[in-house]
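Below is a short briefing on one structure, grouped by topic. Please read it alongside the sequence and the model.

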Amino acid sequence: MIEIIIIVISFILSLFLVLGTKRMSISFGVHDIPNGRKIHTEQIPTLGGLGIFIAVWVTMIIMDIVGVIEFNTIIFRIFTISIAMFIMGIIDDVKGLSAKQKFTVQIIAGGTFFLWNNANTIIVFSNPILSAVIFTLISILLFTIMTNSVNFIDGLDGLCAGVSIIFSIALFIFASHIGNEYVRLLNLAMIGALLGFSIFNFYPAKIFMGDTGSLFLGGIFTMNAIVLVYRAPDKWISFIMLFSYLFIELSLTVLRRIIKGNRMFSADKMHIHHILKGKGIDQRPAVITIYLINIIFCFLSVIYFMTNNIIILFMYIVYVIILSLVFFNKMLKLRENA
């Protein structure tokens, strides 16, 4: 029952906050401006991530006040780092930040979060210092990969929010199985907030989440995964499975920019969602296709999490290879016709 209440509270808060943010964005002229690499042709209010962020954390604070959950040390740390990602997103949406500036904040956030939570670090090579260095670097790598990958998929109406709901559902299941109550409830709040935002973001979108939303989501998913892997280190493959679409997108992005000789952070219109959308106006078929791709990843990750079945792992590997080859081939054809 409490699970439904959390989703409903977060949903209602998000609904009103996003509506208010939309009006505020219009009043202050904070819009996503159309250009050669954008899908939309009109100025769309951004800062929708502001509503998502506030809805999630106000819901969690309410749950703490009524005694459902204790706002403990780890969730306070997640909250603190998420504020840093949120503020960076706000600044980027309003004034603009360089890729180097965002990358620097991601590195600091990733390193800080691990070092802040390294009490239960696995010791490798019987060397605590080496272990701390290795896992700090892994944490930084995860932060930079996840935040940039979530940002990459925020390219079609409803895409990033819908995929993030799928991630949150899987993380809720993982946390429930591991017995991590605060991560479990945090993801319920995420689901409610994203559903409320999605009402305004599905095609044709009335508001975008902007970097305020995508950077916050990337950071929160990374921290969720790190905290849960602490508790269940033998389940790390399931988390790789869950976020595989992001890794495929990022890998293809890096690969084509190397092939074309472009800068790594240069923008283009050759992401997977661009490939699927093609030249059509309606974005929904491409968005639904990517939802289905991620639902399959979610299903495989949850089943493997529960069973450690080698057949599921084999199915996952085959699925990744097929998807990667198909999209790489389509990317090459799109590049030839560009």
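Leu47 sits in the loop that links β2 (44-45) to α2 (48-65); helices (H or I, at least four residues) and strands (E, at least two) are DSSP runs, numbered from the N terminus. This is a predicted model, in which local features need pLDDT of at least 70 and side-chain atom pairs count only at pLDDT 80 or more, while totals for chains, interfaces and linings use all residues. Residues are numbered from 1 along each chain as its sequence is written, and side-chain values use heavy atoms, with hydrogens and water left out.

**Backbone features in loops**

- Leu47 has a phi near 70°, a positive value in a residue other than glycine.
- Leu47 counts as buried because its relative accessibility is 5%; buried means under 20% relative accessible area, exposed over 50%, and partly exposed in between (1.4 Å probe, protein chains only).
- Asn308 is also a residue other than glycine with a positive phi, near 55°.
- The loop between α12 (284-307) and α13 (310-337) holds Asn308.
- With a relative accessible area of 39%, Asn308 is partly exposed.
- Tyr203 and Pro204 are joined by a cis peptide bond, with omega about -10°.
- Pro204 belongs to the loop between α7 (181-201) and α8.

**Nonpolar core**

- The largest nonpolar core has 93 residues, of which Trp57 and Phe243 touch the most other members.
- Such a core is a set of buried Ala, Val, Leu, Ile, Met, Phe, Trp, Tyr and Cys residues joined through side-chain atoms within 4.5 Å.
- Leaving aside residues up to four places away in sequence, Trp57 touches Phe71, Ile75, Ile78, Phe79, Ser82, Leu186, Phe216 and Ile220; contact means heavy atoms within 4.5 Å.

**Helix α3 against helix α8**

- Helix α3 (residues 73-94) packs on α8 at an angle of about 155°, with the axes 7 Å apart; axes are lines fitted to C-alpha atoms, for helices over the stretch in contact, and angles run from 0 to 180 degrees between N-to-C directions.
- The angle makes α3 roughly antiparallel to α8; angles under 35 degrees count as roughly parallel, over 145 as roughly antiparallel, 65 to 115 as roughly perpendicular and the rest as oblique.
- Residues of α3 in this contact include Ile74, Ile78, Ile81, Ser82, Met85 and Phe86, and those of α8 include Leu215, Phe216, Gly219, Ile220 and Met223.
- By class, the contact of α3 with α8 has 12 nonpolar, five polar and three charged residues; Ala, Val, Leu, Ile, Met, Phe, Trp, Tyr, Cys and Pro count as nonpolar, Asp, Glu, Lys and Arg as charged, and the others, Gly among them, as polar.

**Helix α4 against helix α8**

- The axes of helix α4 (residues 99-116) and helix α8 (residues 210-231) come within 11 Å and cross at roughly 25°.
- That angle makes α4 roughly parallel to α8.
- On the α4 side the contact is made by Lys102, Gln106, Phe113 and Phe114, and on the α8 side by Asp211, Leu215, Met223, Ile226, Val227 and Tyr230.
- The contact of α4 with α8 has seven nonpolar, one polar and two charged residues.

**Helix α1**

- Ile5 is part of helix α1 (residues 2-28).
- Ile5 counts as partly exposed, at 33% relative accessibility.
- Ile5 and Met63 are 58 residues apart in sequence and 10.0 Å apart in space, C-alpha to C-alpha.
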